[in-house]
Amino acid sequence: MLKSSVFTRKSYSVFQDNFYYNCAGNRNYRNTLMAIQELHILSADKLNEIHFNTDGVFVIKGRGFLPGNNETLGRINVWIDEYLKEPKENTLVIFAFEYLNSFTTVSIINILKKLTTLITRNKKLKIQWYHEEADHDIIERGEHISSVINFPFEYIMTKNIRRSN
């Protein structure tokens, strides 16, 4: 049994108290039975949203500023690692950004590198990249990420990125 002193004040529980991740970047297991649940992160300003569900649908949308901290990225990476242990036959990743900064671009590349390992396991992966008609910067950023991970995206034009998915 882990002692509570292992965790910082900002620590939180994930996965029904079976798994803990602390802000220092350490993953601590209470037991080996892990129950993966949805991961839903909504920024305080409600401009960014991350929603991963256990049915294999991952959505990241908003202004494209993923928080540059270990806590949020740790939660995302841990969740994906757990999902990859028993992935669904089909996984859909949806991106819909108004803006995308460099830090978030690198974070997305790292997330997608993990998820593309599904292909080697005979699972299906589909990546949808939503963009507004005249937003060439977002389209180019998607093309760049696609080329870096060597995996094709489906580009979907929408009139209002805030209302897509």
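Guide: Welcome! Helices (H or I, at least four residues) and strands (E, at least two) are DSSP runs, numbered from the N terminus. The model we are looking at is predicted.

Visitor: Where is the place of phenylalanine 153?
Guide: Start from helix 3, which covers residues 136–149. Phenylalanine 153 comes in the loop between helix 3 and strand 9.

Visitor: Which residues does phenylalanine 153 touch, not counting residues up to four places away in sequence?
Guide: Tyrosine 130, 23 residues away along the chain, has its C-alpha atom 9.9 Å from that of phenylalanine 153. Contacts are another matter, with heavy atoms within 4.5 Å. By that test, phenylalanine 153 touches Leu112, Ile127, Trp129, Gly142, Ile145 and Ser146.

Visitor: Serine 146 is on that list. Is serine 146 buried or exposed?
Guide: Serine 146 belongs to helix 3. Beyond four places in sequence, its contacts are Phe151, Pro152, Phe153 and Tyr155. Its relative accessibility is 12%, and therefore serine 146 is buried.

Visitor: Let's step back to the whole chain. How many helices and strands are there in the protein chain?
Guide: From the N terminus on, the elements run β-β-β-β-β-β-α-β-α-β-α-β. That gives the protein chain three helices and nine strands.

Visitor: What order do the strands of the open sheet have?
Guide: This open sheet has six strands with mixed pairing. Its edges are strand 4 (39–42) and strand 9 (154–158), each pairing on one side only. The twist from one strand to the next averages 10°. Read across the sheet, the order is 4-5-6-7-8-9.

Visitor: What is the bridge partner of phenylalanine 58 in strand 7?
Guide: Strand 6 (residues 57–62) and strand 7 (residues 90–97) run parallel and are joined by six bridges. One of the residues in strand 7 is the bridge partner of phenylalanine 58, namely valine 93.

Visitor: What angle does the direction of helix 2 make with that of strand 7?
Guide: Helix 2 (residues 102–115) packs on the sheet and touches strand 6, strand 7 and strand 8 (124–132). Its direction and that of strand 7 make an angle of about 170°.

Visitor: How far apart are the end C-alpha atoms of helix 2?
Guide: Helix 2 has 14 residues, so at 1.5 Å a residue it should span 20 Å. The expected span is 1.5 Å times one less than the number of residues. The model agrees, with end C-alpha atoms separated by 20 Å.

Visitor: Are the planes of phenylalanine 95 and phenylalanine 97 stacked or edge-to-face?
Guide: Each residue is buried, phenylalanine 95 at 0% relative accessible area and phenylalanine 97 at 3%. The ring centres are 5.9 Å apart and the planes are at 25°, so the pair is stacked.

Visitor: Which residues do ring pairs link into a cluster?
Guide: Phenylalanine 153, our loop residue, takes part in this cluster. Ring pairs link Phe95, Phe97, Trp129, Phe153 and Tyr155.

Visitor: Before I go, over which residues does pLDDT stay under 50?
Guide: The mean pLDDT of the chain is 78, and 72% of its residues reach 70 or more. Where pLDDT is low, the predicted coordinates should not be read in detail. Here pLDDT stays under 50 over residues 1–34.

Notes:
Residues numbered from 1 in each chain as written. Predicted model: local features only at pLDDT ≥ 70, side-chain atom pairs only at ≥ 80, totals over all residues. Heavy atoms only, no water. Pairing = 2+ DSSP bridges. Axes fitted to C-alpha atoms, helices over the stretch in contact; angles between N-to-C directions. Buried < 20%, exposed > 50% of the residue type's maximum accessible area, 1.4 Å probe, protein only. Phe/Tyr/Trp six-rings, centres within 6.5 Å; stacked < 30°, edge-to-face > 60°. pLDDT = per-residue confidence, 0-100.
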